[in-house]
Amino acid sequence: MVEGLSVLSIYDEAKYLNFKLSFLNDLGKISSKRLDYNNAIRYYNLASALAKDQEYLNIIQNNKALIYVKQKKFELAEQEFKAVYENSLGLDDEFQTNKALNNLGFVQSKLNKPEGLTNMLKALELKKALNNSTGLYWSYSNLSEYYSEQKDLKQAKYYADKSYEMAKLINSPILIKQALAKLIAINGDEYAQDYLIISDSLSVIQQLQENKYAKVKYDYSQNEKVTKEMELITEREKRWKITYLSLGVILVLMSGVFSIFQKLKYGKERTQQVYSTEKRISKKIHDEVANDLHLVLNKLELVPNINEGIIDDLDRIYMRTRDISKENGNLDVKSDFYELLNDLLQGYKTSEVNIITRTVSEINWDKVESYKKITVFRVIQELLVNMKKHSNASVVAFKFSRVKKKIEINYSDNGVGCEINKGSGLQNMETRIKSTNGTINFDTKPNKGFKAKIII
């Protein structure tokens, strides 16, 4: 155990405090049994200095006081028992309090202090109330010893008989032996036969314990061997667990990267699919609807007395059809995208509407993927169309900037604004931007203009 204590001293004291206290307390008990009282006190002092828990401190101080009793250092024993008693009162522990009070009274009686007997009798009554058999045994035993020293053999025998009854009730051979020893000292040979019987029983028990210890010692050496083997197996399993865990983390990370890649790929494919659909519809509008309208207009011009208003209406429909076809037609974003974007912006600039652009040329559009450039173009086109239709704005501003690896586009106009109601126009813009894992936010109120922030 001393070797175990030295091993524990190199580890974190806070973490292994309870183990260390248990070692020191056990070393104190072992030293006491070997009559090595000085070392017993030393171990208890070390434990007292480390103990933080008041209940555990009481146990250590109680054991220390019992050593002082064996050494007949009753003044020191009184100090320790008094501390245990006062601490127990603070803990509201009746069992410990009564035990400490009985022990305190016992050593006070050894010092011929009148409060000694008072404290022992008080502790006895409290133990009776609690029906504490072991506590009652020690109270009776201490009172018997006290009255023996006072030469009051009647009282001494009374309490010795009581302690003997309690020992038999508890069925403890050691306590029975102690009680019989007191009765023999008081009554002579009356209890000698019982004493011999219990002594023989204790000898058998002691021999069995020694045999058991020898077996335990052998088993321990065998277990130590098995333990070392198990430690090797555990260490090997630990390494495998770390390996499997590492592989699992790698797989999770790879799965996450693959998921992001698939999401980006899906967004790109979806954008390309939308773009292809738009081109197909645009071509169909141009080739079929616009051409058919143009043919109808040509025929109507040959009809005499035709209403000019009808021809003008059809002509406007024809021009709008061509505009829609042009707006959603094929885009060549692989050449000079800056020029393409600039043409779009300038196309909506009129004498009534001034369009201001900032830093659009500072973006390196060649490094931006084609499907993202198509999305930027179409969203800006949607914003301009909405502005032309609804805002009555006189000033429109675009600001382009690079934020880390993303492009940020801020749009604002001084139009009439509106309450946010995501119709087809705003919804289309959101759908386009989300397909590239980007974001778009709108900010507008009546008479407060219209703003949009795009990150792609």
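These are my notebook entries on a predicted model.

**Entry: helix α6**

I started with α6, residues 94–110. I counted 17 residues in this helix. From first C-alpha to last, α6 reaches 24 Å, close to the 24 Å expected at 1.5 Å a residue. I then checked burial. In α6, 13 of the 17 residues are buried, so the helix is largely enclosed by the rest of the structure. I also looked just past its end. Asn112 there takes a positive phi of about 60 degrees.

**Entry: the largest pocket**

Which helix gives the most to the lining of the largest pocket? I looked up the volume before the lining. The largest pocket holds about 1100 Å³ of space. Its lining has 34 residues, and those closest to the centre are Asn62, Leu66, Lys70, Asn103 and Trp138. Then I sorted the lining by helix. At least two residues each come from α2 (17–33), α4 (54–70), α5 (74–91), α6, α8 (133–149) and α10 (173–187). The top contributor is α6, with eight residues.

**Entry: Tyr137**

Is Tyr137 buried or exposed? Its relative accessible area is 1%, so Tyr137 is buried.

**Entry: salt bridges**

I found eight salt bridges in the structure. I noted three of them in detail.

Glu80 pairs with Lys64, with the closest N and O atoms 3.6 Å apart. Glu80 sits in α5 and Lys64 in α4, so this pair ties together parts 16 residues apart in sequence. Glu80 and Lys64 are both buried.

Glu149 pairs with Lys110, and here the closest N and O atoms are 2.2 Å apart. Glu149 is in α8 and Lys110 in α6, so I logged a link between distant parts of the chain, 39 residues apart. Glu149 has a relative accessible area of 39% and is therefore partly exposed.

Lys182 and Glu145 meet at 4.0 Å, N to O. Lys182 belongs to α10 and Glu145 to α8, so the pair ties together parts 37 residues apart in sequence. Lys182 is partly exposed at 22% relative accessibility. Glu145 is partly exposed too, at 25%.

Which residues are linked in a network of salt bridges? I listed Lys110, Glu145, Glu149 and Lys182.

**Entry: nonpolar surface patch**

A nonpolar patch of about 690 Å² is made by Trp240, Tyr244, Leu247, Ile250, Leu251 and Met254. I placed Leu247 in α11, residues 192–301. Residues three or four places apart in an α-helix point the same way, because there are 3.6 residues a turn. Leu247 has 46% relative accessibility and so counts as partly exposed.

Most residues other than glycine have a negative phi. I therefore logged the exceptions I came across.

Asn392 has a phi near 60 degrees. I located Asn392 in the loop between α14 (370–391) and β2 (395–403). Asn392 is exposed, with a relative accessible area of 67%.

Asn437 also has a phi near 60 degrees, a positive value. Asn437 lies in the loop between α15 (424–434) and β4 (439–444). Its relative accessibility is 33%, so I marked Asn437 as partly exposed.

Note on methods. Residues numbered from 1 in each chain as written. Predicted model: local features only at pLDDT ≥ 70, side-chain atom pairs only at ≥ 80, totals over all residues. Heavy atoms only, no water. Helix = DSSP H or I, 4+ residues; strand = E, 2+ residues; numbered from the N terminus. Expected span 1.5 Å × (residues − 1). Buried < 20%, exposed > 50% of the residue type's maximum accessible area, 1.4 Å probe, protein only. Patch = residues over 30% accessible without salt bridge, like charges linked within 9 Å, V, L, I, M, F, W, Y side chains within 5 Å. Areas by Shrake-Rupley, 256 points an atom, 1.4 Å probe, with all protein chains shown as cover. Salt bridge = Lys/Arg side-chain N within 4 Å of Asp/Glu carboxyl O. 1 Å grid on protein atoms, 1.4 Å probe; cavity = no way out; pocket = protein on both sides within 12 Å on 5 of 7 lines; lining within 4 Å. Points joined across faces, edges and corners; volume = space filled by probe spheres on them.
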